[in-house]
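Visitor: I would like a quick tour of this protein model. Can you take my questions one by one?

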Amino acid sequence: MSQKPKPSHGLAACPGCAEPLDSGDRFCGACGYDLSAVTAAGVGPDRPTVAIGVPVNWPDAPPREPGSLSTMTQHPGDLPGTDSGGRDLPADGTAPAPAATGDFELAAPDPRAAVRVDAPVPAPGAAPAPVSARAQAQQAPAPVSAQGQAQQEPAPGSAPAPVPGAAHGDGLCVACRAGRVDTDGYCENCGHAQPRERDHMERELGGVAAVSDRGLRHHRNEDAFAVSATTLPDGSPATLAVVCDGVSSATRPDEASAAAAEAAGAALCAALPRGTHPQQAMHEAIVAASEAVNSLAEKAADGEPHRNAPACTIVGSVVADGLLVVGWIGDSRAYWVPDDRTAPAARLTEDDSWAAQMVAAGLMNEAEAYADERAHAITGWLGADAYELDPHTVAFKPDRSGVVVVCTDGLWNYAEGPEDMARVVPADAADRPLHGARVLVGHALDGGGHDNITVALVPFAVPPQGAGSA
């Protein structure tokens with residue numbers, strides 16, 4: 001779960017129970033933990049804003065030899081195209097200098113380490129095998145939207161209706177199975193808190209899928225997502241996924257992530273059919289998400305937003321007309337995993353985080369930076385108290401099929417390097433994205449589930465030979 005720079009006592013969450021803290025707290029309101037001995041920790045400033053240029057005219061992919069990986073396998077800076085500032089990315093296949101936000105050296109994965117493996121396909125009529133015992137225990141009875149509403153088949157021309165009530169559905173306590181559940185979500189008989197519909201959410205639409213889970217340590221899910229499919233003006237398909245992680249040290253982080261995911265998804269679905277270039281559409285979607293989160297901030301007496309306003313990170317991906325576009329603010333990530341696992345995987349985003357800045361500045365190596373308690377303090381987020389609105393967007397032209405993994409740190413903490421992520425993504429993830437997303441959530445749960453976990457899988461298929469490009 002992402003964190004803003006820490007408050008005066010140096011903690012965004014209670015060391016005893018992980019309850020979010022305010023800057024003036026001396027004791028945890030949930031468990032009474034004494035915070036007075038904790039010293040403050042300073043965090044460096046955010047990077048300067050990079051202004052976006054005019055709408056992108058995407059260049060043709062450079063010539064390549066058969067089997068070449070020159071257009072998609074490494075860091076985004078290795079690939080032809082333009083970044084969010086309108087600057088050309090290298091097109092000669094040479095490796096650029098380390099990016100300003102950090103180009104990390106990642107250790108090779110331990111082949112003996114346990115990883116999630118794809119479960120066998122059940123026989124027709126047989127019950128599906130569970131992805132994980134914990135994931136099965138928390139799985140909602142029906143797919144739900146990113147706002148926590150169960151999905152029902154709507155009448156023609158109507159929107160799906162939300163289903164009120166506890167996630168278990170029958171009104172009885174999931175613990176004692178005797179007491180009724182009151183409107184606050186607690187059992188009137190034994191007082192047990194009931195699972196909420198947002199604790200586990202699933203959605204699959206148009207070949208793209210996402211799963212979000214509360215995890216095993218947090219009392220609520222502060223992640224959200226939006227997935228959708230639409231068409232370009234020429235009738236060709238476009239798929240998109242947006243994943244948001246509420247900033248745990250801010251107020252109402254769950255509302256912030258839900259508002260951002262909904263606004264960004266709606267903006268992309270409106271812009272792409274109009275013919276807006278996908279990279280420009282992604283930039284506009286992040287701006288729309290920012291405005292949605294800003295609108296949640298309460299005003300102080302002087303008319304300015306409160307400092308601890310609702311906030312979240314965002315990462316999104318669009319696959320359209322042979323292009324793969326990624327946009328983000330914060331430390332949620334996107335990875336590229338090719339179907340051919342002999343080809344390298346790649347991380348497509350660069351964190352807006354304290355640790356990334358320390359590594360980029362040469363002040364710490366990666367191991368030292370990520371071992372520091374300030375590692376996950378973010379330097380960019382959506383919210384009324386953000387330093388600057390600095391959307392990052394990058395576009396790619398993969399030369400082979402694969403899948404884009406769009407996720408919060410609740411997943412990538414358990415599969416940080418591209419090689420690690422490729423090892424845990426099921427081999428058939430492009431064909432069964434919902435199953436693949438469930439497997440990845442199960443991997444994080446089996447690893448400890450210390451944070452909310454959200455992952456979306458967006459398959460990318462190489463356009464047919466001779467097809468046009470943007």
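Visitor: Is Arg-423 buried, partly exposed or exposed?
Guide: Buried means under 20% relative accessible area, exposed means over 50%, and partly exposed lies in between (1.4 Å probe, protein chains only). Arg-423 has 32% relative accessibility. That value makes Arg-423 partly exposed.

Visitor: What kind of model is this, and how are residues numbered?
Guide: Residues are numbered from 1 along each chain as its sequence is written, and side-chain values use heavy atoms, with hydrogens and water left out. Local features need pLDDT of at least 70, side-chain atom pairs count only at pLDDT 80 or more, and totals for chains, interfaces and linings use all residues, because the model is predicted.

Visitor: Which residue forms a salt bridge with Arg-423?
Guide: A salt bridge is a side-chain nitrogen of Lys or Arg within 4 Å of a carboxyl oxygen of Asp or Glu. Here the closest N and O atoms are 4.0 Å apart. The partner of Arg-423 is Asp-420.

Visitor: Where do Arg-423 and Asp-420 lie?
Guide: Helices (H or I, at least four residues) and strands (E, at least two) are DSSP runs, numbered from the N terminus. Arg-423 and Asp-420 are 3 residues apart, so about one helical turn separates them. Asp-420 is buried, at 19% relative accessible area. Both residues sit in helix H7 (residues 418-424).

Visitor: How many salt bridges does the count give?
Guide: Side chains of opposite charge can pair when their charged atoms come close. One case is Arg-374 with Asp-372, the closest N and O atoms being 2.9 Å apart. Arg-374 is partly exposed, at 22% relative accessibility. The count comes to 14 salt bridges.

Visitor: How many residues apart in sequence are the parts that Arg-438 and Glu-202 tie together?
Guide: Arg-438 forms a salt bridge with Glu-202, and their closest N and O atoms are 2.8 Å apart. Arg-438 is partly exposed at 26%, while Glu-202 is buried at 5%. Arg-438 belongs to helix H8 (residues 433-446) and Glu-202 to strand E3, so the pair ties together parts that lie apart in sequence by 236 residues.

Visitor: What is the strand order in the open sheet of 6 strands?
Guide: Two strands pair if DSSP finds at least two bridges between them. The pairing in this sheet is antiparallel. The edge strands, E3 (200-205) and E10 (346-347), each pair on one side only. The order is E3-E4-E14-E13-E9-E10.

Visitor: Which residue in E13 is the bridge partner of Tyr-335?
Guide: Strand E9 (residues 333-338) pairs with strand E13 (residues 402-407) in the antiparallel sense. The two strands share 6 bridges. In E13, Tyr-335 has as its bridge partner Val-405.

Visitor: How far apart in space are Ala-345 and Pro-418?
Guide: Ala-345 lies in the loop between E9 and E10. Ala-345 is buried, at 15% relative accessible area. Ala-345 and Pro-418 are 73 residues apart in sequence. In space, C-alpha to C-alpha, the distance is 5.3 Å.

Visitor: How many aromatic pairs does the structure hold?
Guide: Rings of Phe, Tyr and Trp (its six-membered ring) pair if their centres lie within 6.5 Å; planes under 30 degrees apart count as stacked, over 60 as edge-to-face and the rest as tilted. The structure holds aromatic pairs numbering 2.

Visitor: Which strands hold Trp-336 and Phe-460?
Guide: These rings form an edge-to-face pair, 6.0 Å centre to centre with 80° between the planes. Trp-336 is buried at 0%, and Phe-460 is buried at 3%. The pair ties together parts 124 residues apart in sequence, because Trp-336 lies in strand E9 and Phe-460 in strand E14 (residues 453-460).

Visitor: What is the angle between the planes of Trp-381 and Tyr-387?
Guide: Trp-381 is buried at 4%, whereas Tyr-387 is partly exposed at 45%. Their ring centres are 5.3 Å apart. The pair is tilted, with an angle of 55°.

Visitor: How many disulfides does a search of the whole structure find?
Guide: A disulfide is a pair of cysteine sulfur atoms within 2.5 Å. For Cys-312, the nearest cysteine sulfur is that of Cys-244, 4.7 Å away. Cys-312 is in no disulfide. The search finds 0.
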